[in-house]
Structures are given as structure tokens and as C-alpha cells.
Amino acid sequence: MTAARCPICRKPAEAAFTPFCSQRCADVDLGRWFNERYAIPVEDDEEEEAPEPRRPLLDDA
Ligand SMILES: [Zn+2]
């Protein structure tokens, strides 16, 4: 067996949670993956999420 280490906390990986040392670190990694996925700036024509805050000053009177 190789001395695999948990990519999250660098502790020796546990066989049951390979390649992590615990369920917690596995969850952390999963969370990171999701965060990175959502953090990726996607150039989309659809305006589902507006990065710029709304400006009430631009309200057309
Ligand atoms: Zn860990």
C-alpha cells in the first residue's frame, strides 16, 4: 500500500475514505468542487445571475 495522503488535510488517507482521511474531508473536497464549479466565470448570454448589483439610480422616471 502506498502512503496516500488526504488532499485536504495531508493526513494519512483512510482506506474507507480513500483518498481522504475521513468523511469530513471528503465532504470538504466535494464542497470545494462545487464552489469552484460555481466560481468559474461562465460567459453566458442568459442572465440568470446578475453579478452587478442593481442600481436604483438608473431607475427610469
Ligand atoms: Zn483529511
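Here is a short chat about a predicted model of a protein with a zinc ion.

Q: How many helices and strands does the protein have?
A: The secondary structure comes to 1 helix and 0 strands. Keep in mind that this is a predicted model.

Q: OK, and which residues coordinate the zinc ion?
A: Cys-6, Cys-9, Cys-21 and Cys-25 do, each through its SG atom, at 2.2 to 2.3 Å. Along the chain, these donors follow the spacing C-x2-C-x11-C-x3-C.

Q: Where do Cys-6 and Cys-25 sit in the chain?
A: Cys-6 is in the segment before H1 and Cys-25 is in helix H1, so the pair links distant parts of the chain, 19 residues apart.

Q: Are those two buried or exposed?
A: Cys-6 and Cys-25 are both buried.

Q: What's the geometry at the zinc ion?
A: The site is tetrahedral, with angles of 101 to 120° among the 4 donor atoms. For four tetrahedral donors, the ideal angle is 109.5 degrees.

Q: Switching topic: where is Ala-4?
A: Ala-4 lies in the segment before helix H1, which spans 23-39.

Q: What does Ala-4 touch, leaving out residues up to four places away in sequence?
A: Lys-11, Pro-12 and Ala-13.

Key
Residues are numbered from 1 along each chain as its sequence is written. This is a predicted model: local features need pLDDT of at least 70, side-chain atom pairs count only at pLDDT 80 or more; totals for chains, interfaces and linings use all residues. Side-chain values use heavy atoms; hydrogens and water are left out. Helices (H or I, at least four residues) and strands (E, at least two) are DSSP runs, numbered from the N terminus. Contact means heavy atoms within 4.5 Å. Donors are N, O and S atoms within 2.8 Å of the metal (3.2 Å for Na, K and Ca); water is not among the atoms, so sites may look incomplete. Four donors count as tetrahedral if all angles lie between 85 and 135 degrees; four count as square planar and six as octahedral if opposite donors are over 155 degrees apart and all others between 65 and 115; anything else is irregular. Buried means under 20% relative accessible area, exposed over 50%, partly exposed in between (1.4 Å probe, protein chains only).
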